[in-house]
Amino acid sequence: VNFALPVDANTENLNAGLNISGENWLSELAYHGSFYRNNIDNLSLPYLPDVYAATPDNDAHQVSLSGQYMLGRGNVNGRVAAGRMLQDGDLIQVSGNPLQSWDGQVDTLDARIGFSNMLSPRWRVNGQVDYSERDNKSSVWEFAQLEFDNVSGAFKQNVPMDIERLTYKLHSSYRFNSEYRLMGGYDRKEVERSYLEREQTHDDAFWAKLNIRSLANTVIDFGGRYENRSGSVYNAVENTSIEENPLLRKFYLADRERQAVDLKVNYVPLSWLTIDLNGYYAKDDYAKTIIGLTESTDYGYDLQLGMQLSEQLHLYASASQQWIDSAIAGSQSFSSPDWYNDVADEFINLGAGFTYSGLFDDRLTLGGNYQFSNSASDILVTYNEVQPYGDYYSYNHSVELYGRYALSERMGLKLSYQYERYYDTDYSQSAVNSIPGLITLGDLNHNYNAHLLMFTFSYLLP
């Protein structure tokens, strides 16, 4: 049954603050409050009550204290913020639910302290420590569990998940002369989670970047980065479910080693021509993962051209490509790996456009944009033999032509036309009765042309 959902809610925000400053320092004490009220009750049908649970009312409060102190050629700054989010609404009563209302409360604490100092006219050092904590103090109760479509009779508590983060940053830059500048740093992030497969992880990153201005009309940035993530013991079965392979490692929690480089070039060969090029490459190695994502590479480039052919006419063009290659290991027998996936994703984006201004006493501006994008994904599955999956790809053409006319300094008109051509195909889509004994949702691939004609009037209030 489909029915229209009524909307009747309001949010009130309250902000208050106090700023105090001296000759070498400044500080701020602030409060922010948000109060959401939903005037819609749970929805019912004539023959069935409470078929939809309305969004409950909730409140959020935060108090913060921040400040900065100047010390010669350096400064120290910091901020501390404490918050509380509350949600206390009646619950729809269903069989097996022991709670009449939900007493939701989450406390947050955020703190930051940083410094910046010029050790010499050429050498600068920056540092920062960030801390954040999310403490879930909501209701905890035992609920009956449903397993394998049979009531097991077991009871299990819902778990209020908490997370704590601590980040360290130490960066430095040294300017050899007006043509060369070297930057580098060390970052560390420590995360502690509750009731997840891995309670503690820590990421260490070392990076360096060289800025070069020795070539005429050219700025070059070349950088490299190394990251490593490790942590506590991975308890796959204990903290998730018995249906999960104990050798499985989720990629955002697993040990990982990353190596990355990037190159940025800004070149102005002529007064009216600008060229920007960005190239990058990154490789992730999950050496300790047996089941899951084991390796990934991400590389590509972005190219942009800007041409100011006259005071009125500006042209631009852009092109970018990205490739992502991933290797995945799986187990059909719920043990060691016995099948493998090699996934190759490719993305292409092209664009061009123009603007011509200065017509009709500098009141009229004409413009146009064209964008093309294409993506494709190829998957090879190795299980006794190599078997390619079907195709997945999509493409999009979009064109926009517009004209803007200024009636006055405050009033303007715009007439625009947009066209879009989109197509995609997914090997997992099947027609309604294409597989004997199976009724699907049908072929949901997209294939359409869209036209949009829009007239806009704008007025800037005094």
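User: What counts as a salt bridge here?
Analyst: A salt bridge is a side-chain nitrogen of Lys or Arg within 4 Å of a carboxyl oxygen of Asp or Glu. The structure is a predicted model.

User: How many salt bridges does the structure hold?
Analyst: The structure holds 13 salt bridges. One of them joins Asp107 to Lys137, with the closest N and O atoms 3.2 Å apart. This pair links distant parts of the chain, since Asp107 is in strand β7 and Lys137 is in the loop between β8 and β9, 30 residues apart.

User: Which residue does Lys250 pair with?
Analyst: Lys250 forms a salt bridge with Glu197, and the closest N and O atoms are 2.6 Å apart. Lys250 sits in the loop between α1 and β15, and Glu197 in the loop between β12 and β13, so the pair ties together parts 53 residues apart in sequence. Glu197 is buried at 4% relative accessibility, whereas Lys250 is partly exposed at 25%.

User: Changing topic, where does Ser116 lie?
Analyst: Ser116 lies in strand β7, which spans residues 101-118. Ser116 is buried, with a relative accessible area of 13%.

User: Which side chains does the Ser116 side chain make polar contacts with?
Analyst: The Ser116 side chain makes a polar contact with the side chain of Arg124 at 2.6 Å and another with the side chain of Asn126 at 2.7 Å. Beyond its neighbours within four places in sequence, Ser116 is also in contact with residues including Arg73, Gly74 and Asn75.

Conventions
Residues are numbered from 1 along each chain as its sequence is written. This is a predicted model: local features need pLDDT of at least 70, side-chain atom pairs count only at pLDDT 80 or more; totals for chains, interfaces and linings use all residues. Side-chain values use heavy atoms; hydrogens and water are left out. Helices (H or I, at least four residues) and strands (E, at least two) are DSSP runs, numbered from the N terminus. Buried means under 20% relative accessible area, exposed over 50%, partly exposed in between (1.4 Å probe, protein chains only). A polar contact is a pair of N or O atoms within 3.5 Å; within protein, one must be able to donate a hydrogen and the other to accept it, and residues adjacent in sequence count only if both atoms are side-chain atoms. Contact means heavy atoms within 4.5 Å.
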